[in-house]
Amino acid sequence: MLIKLSGGIVYDPANGINGKRQDIYVRDGRIIDKPVAGSKIDKTYNIAGKVVMAGAIDIHTHIGGGKVNIARIMLPEDHRHDSVRKTSITRSGCGHAAPSTLTTGYRYTEMGYTACFEPAMLPINARQAHMEMADTPIVDKGAYVLLGNDDYFLRMLAGRKDQAAISDYVAWTIQASQALGIKVVNPGGISAFKFNQRKLDLDETNVYYNVTPREILKSLAKAVHDLGVPHPLHVHGCNLGVPGNLRTTLDTIKSIEGLPMHLTHIQFHSYGTEGDRNFSSGAAQIAEAVNKNKNISIDVGQILFGQTVTASGDTMRQYDGHWHAHPKKWVMMDIECDAGCGVVPFQYQDKSFVNALQWAIGLELFLLVDDPWRIFLTTDHPNGAPFTTYPHLIRLLMDRSFRNDMLSTVNKAAAKSSILASLDREYSLYEIAIMTRAAPARSLGLRDRGHLGSGAAADITVYTEHKNKERMFAKPDYVFKDGELVAKSGKVVKITKGSTHTLRPEYDKGIEKSLNTYFDRYMSIKLENFKLQDDEIIELGSGDIIIQPCN
Amino acid sequence: MSLELSMHTPPEVPLEAELLTPDRTVGMDSNAVSGIAIQHGNRQVTVGDFFTVKGKGEGELHLEGDLSRVKHLGSGMSSGSLYIHGDVGEHLGAGMSGGKIVIDGNAGSWVGPEMSGGRIIIKGDAKHLVGSAYRGSAVGITGGEIYIHGNVKNETGHGMRNGLIVAGGNSGDFTGVNMLAGTIIVLGEMGIRSGAGMKRGTIISMHPTEMLPTFSYNCDFNPIFLRLMLRALQSQNFNIEDKQITGKYQRWSGDSVEMNRGEILIFRE
């Protein structure tokens, strides 16, 4: 099957193509160079003048794992106000902030996304997370497995085990849980919460294990680096949402001593304590540090106003946030030896000083960080806002006058204390293509995704350029997944199964001996049952497993 | 002439007929009404597949037959009269804002959930969650009146914010649970845990009942509003004795877990 996309304006930053009119050829799900003259073209799409990009990649979105299901169960009103009828090809679903798995897959596809990565999979919940992801149609999936608060790792660190043994454990966990990277949430803090600590700064000690978040971060970042895991350690730092956490974040950047690190939803970690209300923007300092330290990448975790639900492994900070739950209900969970999770529904209000300033801080970060290759577009779905708000967010970044109009509607004091109005930068289509396609693919080590060069998977999105960028990005004309047309004019037209991306780092199998003893003594399941097999994931409904190479 | 629908084929699985309301059918003739799409299980069908339609829509709609498997009748209606000669299924008059619904038989669960106005009169019994909030909502009915001559089951008036619910017979457990304001009158026996979590509002019972420990006894008195209310109910054929109009009531306040501002009045011989 040979497909031709004819006459589109191509934005393909990975190959340095910035708005060039170019035909694209797809054979059997892969992009190819121009075929020899006389080849029979089975199907031609005339997309003259339309914008062509690779399928978008969401590097941080909570679409699977226990916490999303808790959010779904807890919020029947979220389902009731947003129900989706079945059609002849799609199944029914519901949910605005925490949509059902099927609806998640359809909505991502309809926005031109072709891959989504779940950032907080607990090893013990890996099976559940993969089940939910397998149930999410069309898009590719993958997950970062959560370490750094688990008893086994903290014991190793407390016992001053050598780094090689820790790397073996990290690699074993990646394989056993079929993960694509390592995430750490409030390093040591979720564990500290269980021992009645209510805050844990970078150099404070977890009272039970006698280790500090700094040690945990260094050890994990080193393991990730040594194992050749492409994606840097994915860090949800200490003191999320605490005014003044700007200092902690800057210290965290320093603490890693040049190793690659990804700081996630950094908007929640960029708060100062200036002003009458002891709450101010730290975006400028954070952006300066990110610009200076090339080993750091970030995603923003932009908030947008409206009802949503926050779901996080960070029990310490979620417990503190439960006072602001809207509607008034919340769940906090202890998850055996691994960590915990907290789910708190939340409504961001544009008339609230704090929420409006959070909104401005996120946008300031987007505009002040120079290198779009190291900043990714996220709302930390659903924590900052549901992923369906991405087109709106893109318009805020690309359209300065629209941004200033929105700024004039939010809390006046917050608008006044933000430098947002003075920022003239407008993102170009090329930069948007970097931050939503090329950069996440490069960061995750997905060599055949996020670009349109020869040999890449034919995940392609075609938009009609429009002055209103929200309209443009909400409804792409065509979305191709592995060469198949899956959405047309913003509606799903074909259901496919996405693939699951994983890694197979090498490690010393000897570690299973001590793990076996540990599992028998402390865990609720046996080691052999804990490990997730390839065929299980296929049986759950995923298309296939793609093993990404380690560096 | 009013619009008359009589059921010719009983549905195998529930019909969801939220479009069948007196206000939405105004100006429609029998053919147009027969063609209205309704949901039969997971398939879309038309009214004519199940009902014989006669007359013309002029704001008065009569339905006849065993409608116990027809849900959402009168949902969201704002005016007109809906008469059901027989039993009816769940979600009757959900979210209605005006008009009148009269049922000759019994009704299912979820009568008038989250309604804001209008009147529902049921000659028979109703099941659970009469005049309540849907799951996940904090606020139930915000206005209107629901009169049930028979019995009701659990969670009557859940999260109620305003309006009146009257049960001529007995009520189940958790009557007025989490209610915010409004009035519930139970002329028969009331189940246990009445008013659990209530913030404000009034629950009135004609028979002694077991009170939650978070309610405290205040006094005996004869409130004037109750005399007026009971006389009005008498005129609607509710069985009310004169001594209930002139007699004294125990006043209990609660729920103390929610600031103690609600009240339960219990008739004392």
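Biologist: Which strand and which helix of chain A each supply at least two residues of the lining of the second largest cavity?

Modeller: In this predicted model, those elements are strand S12 (233-236) and helix H9 (245-255) of chain A. H9(A) gives the most to that lining, with 3 residues.

Biologist: What is the volume of the second largest cavity, and which residues line it?

Modeller: The volume of the second largest cavity is about 60 Å³. Its lining is made up of A:Val235, A:His236, A:Gly237 and A:Cys238, together with A:Thr248, A:Thr249 and A:Thr252, and then A:Leu263, A:Thr264, A:Ile266 and A:His269.

Biologist: How does that lining divide into nonpolar, polar and charged residues?

Modeller: The lining of the second largest cavity has 7 polar residues and 4 nonpolar ones, with no charged residue among them.

Biologist: Which residues lie nearest the centre of the largest cavity, and which helices supply its lining?

Modeller: The largest cavity is lined by 14 residues, and those nearest its centre are A:Asp150, A:Tyr169, A:Asp338, A:Phe519 and A:Met523. Three helices of chain A, namely H5 (151-158), H6 (163-177) and H18 (511-522), each supply at least two residues of the lining.

Biologist: And what is the make-up of that lining by class?

Modeller: For the largest cavity the lining has 10 nonpolar residues, 1 polar residue and 3 charged residues.

Biologist: Changing topic, how many residues of chain A and chain B are in contact, and what area do the two chains bury?

Modeller: On the chain A side 6 residues are in contact with 7 residues of chain B. Between them the two chains bury about 470 Å², of which 36% is on carbon and sulfur atoms. Within the area that chain A buries against chain B, 67% is supplied by A:Pro76, A:Arg80 and A:Arg85, which is more than any other three residues supply.

Biologist: How many salt bridges are found across that interface, and which residues form a salt bridge there?

Modeller: The rule finds 1 salt bridge across the interface of chain A and chain B. A:Arg80 forms a salt bridge with B:Glu114, and the closest N and O atoms are 2.7 Å apart. The side of chain A that touches chain B has 5 charged residues, 1 nonpolar residue and no polar residue.

Biologist: How many residue pairs are in polar contact between the two chains?

Modeller: Between chain A and chain B the count is 2 residue pairs in polar contact, with both residues at pLDDT 80 or more.

Note on methods:
Residues are numbered from 1 along each chain as its sequence is written. Chains are lettered from A and ligands numbered from 1 in the order in which they are written. This is a predicted model: local features need pLDDT of at least 70, side-chain atom pairs count only at pLDDT 80 or more; totals for chains, interfaces and linings use all residues. Side-chain values use heavy atoms; hydrogens and water are left out. On a 1 Å grid over the protein atoms alone, a cavity is a set of points where a 1.4 Å probe fits but cannot get out, and a pocket is an open set with protein on both sides within 12 Å along at least five of seven lines; lining residues have an atom within 4 Å of a point. Helices (H or I, at least four residues) and strands (E, at least two) are DSSP runs, numbered from the N terminus. Ala, Val, Leu, Ile, Met, Phe, Trp, Tyr, Cys and Pro count as nonpolar, Asp, Glu, Lys and Arg as charged, and the others, Gly among them, as polar. Grid points are joined across faces, edges and corners, and a volume is the space filled by probe spheres set on the points. Contact means heavy atoms within 4.5 Å. Buried area is the accessible area (1.4 Å probe) that two parts lose on being put together, summed over both. A salt bridge is a side-chain nitrogen of Lys or Arg within 4 Å of a carboxyl oxygen of Asp or Glu. A polar contact is a pair of N or O atoms within 3.5 Å; within protein, one must be able to donate a hydrogen and the other to accept it, and residues adjacent in sequence count only if both atoms are side-chain atoms.
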